[in-house]
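Student: Could we go through this structure by asking what each label rests on? I would like to see the value and the cut-off every time.

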Amino acid sequence: MSVGSQSRRAPLLLSAYAFLVYAFLYFPIIVLVVYSFNGSGVGGFPPARWTLDWYRQLFGDGALWEAVRNSVVVAAVAVAIALGLGLPAALALDRTDFPGKALFRRLVLLPLILPGIITGLSLLMLFVAVGMNLNLVTITLGHGTALISVATTEIFAGLQKLERAQEEASLDLGANHWQTFWRVTLPNLRVSLVAAGLLIFTLSLDEIAVSFFLIGRDNTLPLEIWSRLRRGITPEINAISTLILVFSIGMILLWYRLRTRLQRADESAAPLEPASIEGETA
Amino acid sequence: MYSRAYKASVTIPPLLWVTVFLLVPYAILFCYSFWSVSSAQVIVHNWNLQNYAQLVRNPIYLQVLFRSMRIAGSVTVLALLLGYPLAYYLSFHAAKRKDLLYQLVIIPLWASYLVRGYAWKTILGSDGVLNGFLQYLHITHRPVEFFLYSPFAVIITLTHIYTPFTLLPIYASLEHIPRNLVEASHDLGSSPWSTFRRVILPLSLPGVLAGGTFAFVLTLGDFLAPLLVGGPSGIMISNVVVSLFGAAYNWPLGAAISFGMMLLVVTLLFITERLEKRLAIS
């Protein structure tokens with residue numbers, strides 16, 4: 001009873017502190033957006049002269065849109081790679097036993113926690129060793145490989161929620177494993193797959209640490225922005241950042257909706273926590 | 001239950017991919033660390049321990065490593081100080097707004113790294129928003145230079161980026177605490193503070209450990225924030241690696257540092273995983 005009344009009335013100090021943490025998390029984002037409409041430059045206070053000039057400049061910027069196109073292609077292929085391998089990897093972790101399974105799980109999940117520089121550099125050395133030229137293909141392979149970890153955790157979480165009885169019924173009724181997979185397992189995993197795909201797409205669009213080492217002549221969007229930052233900053237970068245932000249937020253909210261729809265039975269939504277896989281299969 | 005063909009087709013493709021694109025690259029990285037660069041700027045494959053000897057002998061590398069660990073430690077402590085109370089608030093006091101407030105944490109988690117790093121650059125710069133604000137209020141009369149291009153700037157930027165990462169596992173572990181334990185403690189006459197200290201805090205330690213590890217490891221390997229806002233005094237160990245792979249052209253030495261970093265990270269993960277398990281059991 002006492003808990004019930006307390007959870008409705010948070011201590012004032014705690015609420016104030018929580019508010020301050022949110023303020024810290026959102027303050028830079030708000031500043032960035034506000035100054036993308038600022039006629040008098042990136043800094044200074046107060047912002048003066050509201051304008052859409054930076055957005056206008058942005059839409060006429062060919063190099064930037066070229067980079068956006070590159071990023072979208074890279075992200076789309078990376079989603080295909082990550083889902084194509086993350087799905088079997090999640091099935092393998094959920095349903096089979098094989099020698100070296102623990103090592104396999106660790107290896108797949110390693111890019112999730114290992115700093116991007118190590119994944120990026122190791123792949124760079126591989127591509128150099130086999131004489132591959134650095135270009136969008138190498139970046140795509142890098143993103144795909146690093147993001148298999150995300151696909152695996154997301155799909156694994158979906159598999160854990162799956163009603164096994166349906167699959168067993170299908171097998172009992174004479175379907176083989178393949179038919180069961182195509183007609184029962186896969187349709188049931190649809191929401192998980194879409195959610196994982198959205199997340200991977202967003203992460204790939206934003207990825208910079210791995211791409212940094214695998215870049216050839218064509219830039220992805222974050223690398224294009226990065227190279228411009230070295231030449232000095234203009235509110236045009238605020239404008240493109242604002243658009244990226246709006247897009248990411250849209251995708252993240254969509255992903256979150258899908259994921260909560262999956263997890264309604266289970267209260268704890270803990271996205272991308274490698275520990276959850278470790279704990280459940282160890 | 002599953003046929004051999006089914007097992008093979010879910011295990012072999014991801015296993016092969018991960019071997020080719022993760023295991024082999026890590027192995028190549030390891031090999032490079034024993035090679036050297038000749039005076040004609042060619043990488044020669046004469047196996048020796050010179051690179052590792054140089055890391056230990058030349059104090060510069062250890063200095064930068066210690067600075068990186070100090071920065072990573074500060075970010076970890078700050079992220080925990082910001083993340084824990086917010087996670088606690090979300091889990092125990094957010095009531096009806098829980099879902100919305102949780103989404104508000106997820107958004108900055110996945111919102112572009114580069115965008116958030118750039119935002120801090122525009123805030124902390126000498127003609128940035130913060131300096132403009134201070135001068136507007138006549139608190140300072142000329143731009144304060146040390147906000148940007150300092151370890152302080154790296155710490156604040158990375159704290160902003162990794163606080164949501166730290167919060168999630170803490171939140172997950174708080175959500176897993178059986179509410180009747182908390183109620184029992186209240187009913188037996190404990191004050192809210194002693195309930196927190198003796199019931200909630202101990203049970204949430206695995207999450208604190210997981211979250212802290214995330215923040216520490218990801219900060220330790222970061223090279224983008226130092227390039228963006230760190231300046232010469234904010235250089236971290238990964239920046240040394242980046243320059244060795246770039247202008248300084250000494251891949252073998254860079255590989256040795258990377259491998260050392262990888263070893264450090266994997267050891268750290270191993271230890272915290274053990275600790276988490278022990279905490280979870282007791």
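Tutor: Start with chain B: among its contacts between residues at least 6 apart in sequence, 72% join residues at least 24 apart. Two residues are in contact if their C-beta atoms, placed from the backbone, lie within 7 Å. The model is predicted, with local features needing pLDDT of at least 70 and side-chain atom pairs counting only at pLDDT 80 or more, while totals for chains, interfaces and linings use all residues. Residues are numbered from 1 along each chain as its sequence is written, and chains are lettered from A and ligands numbered from 1 in the order in which they are written.

Student: What makes up the secondary structure of chain B?

Tutor: Chain B has 12 helices and two strands. Helices (H or I, at least four residues) and strands (E, at least two) are DSSP runs, numbered from the N terminus. Along the sequence the order is α-β-β-α-α-α-α-α-α-α-α-α-α-α.

Student: How does the radius of gyration of chain B stand against that of a compact globule of 282 residues?

Tutor: The globule would be near 19 Å, but chain B has 23 Å. The radius is taken over C-alpha atoms, and the globule rule is 2.2 Å times the number of residues to the power 0.38. The C-alpha atoms of chain B fill a box of roughly 75 × 75 × 35 Å along the principal axes.

Student: Why are α9(B) and α12(B) called roughly antiparallel?

Tutor: Look at the angle. The axes of helix α9 (residues 192-220) of chain B and helix α12 (residues 251-281) of chain B cross at roughly 170 degrees and come within 9 Å. Axes are lines fitted to C-alpha atoms, for helices over the stretch in contact, and angles run from 0 to 180 degrees between N-to-C directions. Under 35 degrees counts as roughly parallel, over 145 as roughly antiparallel, 65 to 115 as roughly perpendicular and the rest as oblique. Therefore α9(B) and α12(B) are roughly antiparallel.

Student: Which residues in α9(B) and α12(B) meet?

Tutor: On α9(B) they include B:Leu205, B:Leu209 and B:Val217, and on α12(B) they include B:Leu268, B:Thr272 and B:Glu276. By class, the contact has 11 nonpolar, two polar and one charged residues. Ala, Val, Leu, Ile, Met, Phe, Trp, Tyr, Cys and Pro count as nonpolar, Asp, Glu, Lys and Arg as charged, and the others, Gly among them, as polar.

Student: What makes A:Leu91 count as buried?

Tutor: A residue is buried if 20 or more other C-beta atoms, placed from the backbone, lie within 10 Å of its own, exposed if 12 or fewer, and partly exposed in between. A:Leu91 has 24 such neighbours, so it counts as buried. A:Leu91 is in helix α4 (residues 62-95) of chain A.

Student: How do you know whether A:Val42 is buried or exposed?

Tutor: The count for A:Val42 is 24 other C-beta atoms, so A:Val42 is buried. A:Val42 sits in the loop between α2 and α3 (53-59) of chain A. Leaving out residues up to four places away in sequence, A:Val42 touches A:Tyr35, A:Ile233, A:Thr234, A:Pro235, A:Asn238 and B:Thr122.

Student: Why is B:Tyr249 called partly exposed?

Tutor: B:Tyr249 has 13 other C-beta atoms within the cut-off distance, which makes it partly exposed. B:Tyr249 also has a positive phi, about 35 degrees, although it is not a glycine. B:Tyr249 is in the loop between α11 (237-245) and α12 of chain B.

Student: Which domains does chain A have?

Tutor: Chain A is assigned domain 1 (11-51) and domain 2 (63-281). Such bounds come from an automatic or database domain assignment. The C-alpha centres of the two domains of chain A lie 31 Å apart. Their contact takes eight residues from domain 1 of chain A and eight residues from domain 2 of chain A.

Student: How many residues form the contact of chain A with chain B?

Tutor: The contact takes 75 residues from chain A and 84 residues from chain B. The largest share of the chain A side, 13 residues, comes from helix α2 (residues 12-35) of chain A. The chain A side divides into 55 nonpolar, 14 polar and six charged residues.
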